[in-house]
Amino acid sequence: MELVPLTAIDKADTAWVMTSAALVLLMTLPGIALFYAGLVRRKNVVNTMAAVFAVACIVTLTWFGIGYSLAFTADSAWLGNLSRAWFASLHFDGKRNVLAVSHLAPHLPEAAYALFQAAFAIITTSLIVGAVVERMRFAAMLVFAALWSVLIYAPVAHWVWEGSGWLNQLGALDFAGGAVVHVNAGVAALVCAYVLGRRRGYGTEAFEPNSLGWTAMGTALLLFGWFGFNAGSALSADGRAALAFVVTLVAASAAGLSWMLLEWIRRGAPTLLGLLSGMVGGLVAITPAAGFVQVGSAVWIGLIAGAVCYWGATWLKRRLGADDSLDVFGVHGVGGIAGSLLTAVFADPLIAGTGATVLNQLVAVLAVAAYSAVGTLLVLTVIRLLMPLRVDSVEEMEGLDISLHLERQH
């Protein structure tokens, strides 16, 4: 364990990273919970919120227990070791005035760095909930979250963000999680949707959102928290963080308008849901590029992201045929892929400090997508041997709020 004197810690950067961690946690609780709960039918609101909150609780423990150590220790190109397992990274000795730091951020207490990364692990796993709502058994979801966060998320984070990781060594750029978070979660969500099958009535009944107001509030919290997501990834209160903050807002705005205008042209009316979905798509796409691009480039990334995410949630979704309930793949998967590739197109070497190639970015996207798809399928297969993945038809028709939780949203 690497211990340094308390005086070696940068207090301003520590304050910024801890604030950013809180902002990223806000994205999940209550951001994602409200965003998703507003989109499901009223009979499944409690279950959707419970799933997001429970996943956050589980991943917090799996992350500090083992996931962080596997992701952020420099043991090999493929996976870390267990030297930071079971909360060792949080070591603090006030008597000797020393504390643990990570080799990736020696100016921060490792507790702050691990917390910031925990918030990423939590939201990535929570995103998958949106693909399986209204039909996945609650117990199966909890087991899935525990296994997926350790076996899928942690290795991918190691590949991309740990200095010894093979994609990091390759030169792939992912400032705040285009591949690690969004491609990873989006592909996993698509696999889950295929394995679980379609909801009863899908394609023949209108599944109307129960509260677009909740979804709008959730989007606002996502936007607010995303500033910590992207700007916090600079790990310092500096110029790169300020730039990442600005391009995040610019890309989200451009993408929201892009999706809205396309839908306006095609459907004859601008919708609130389209505007909100476009903003989220823009946030997703700017994530891998946030610390590497100029503001003008963020406009283009946002405009492109709004269009491709609209395509992903409409035409592509129909072609794929999976009931990805809340378009996790269409927005996060497609947006993450587009953003990762566009990072190579728009990254400014004067900001990034290095060049990027479309080939390297494509290798990273394909590697993460393949590992996430195969790993998610294996995790679901193992769980299916232990318990049913899906509720029965009576429980599904009654609604998961009453059938699983004995509660109802009034």
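How many disulfides does the structure hold? The count is 0, a disulfide being a pair of cysteine sulfur atoms within 2.5 Å. This is a predicted model: local features need pLDDT of at least 70, side-chain atom pairs count only at pLDDT 80 or more, and totals for chains, interfaces and linings use all residues. Residues are numbered from 1 along each chain as its sequence is written, and side-chain values use heavy atoms, without hydrogens and water.

**View 1. Cysteines C57 and C192.** C57 is in no disulfide; its nearest cysteine sulfur belongs to C192, 20 Å away. C192 is in no disulfide either, with the sulfur of C309 nearest at 20 Å. C192 is buried at 1% relative accessible area (buried is under 20%, exposed over 50%, partly exposed in between; 1.4 Å probe, protein chains only).

**View 2. The salt bridge of R84 and E110.** The closest N and O atoms lie 2.8 Å apart (a salt bridge is a side-chain nitrogen of Lys or Arg within 4 Å of a carboxyl oxygen of Asp or Glu). R84 sits in the loop between α2 (45–71) and β2 (92–93), and E110 in helix α3 (residues 110–127), 26 residues apart. Helices (H or I, at least four residues) and strands (E, at least two) are DSSP runs, numbered from the N terminus. Both partners, R84 and E110, are buried.

View 3. E395 is buried at 16% relative accessible area. E396 is buried at 3%, whereas R390 is partly exposed at 22%.
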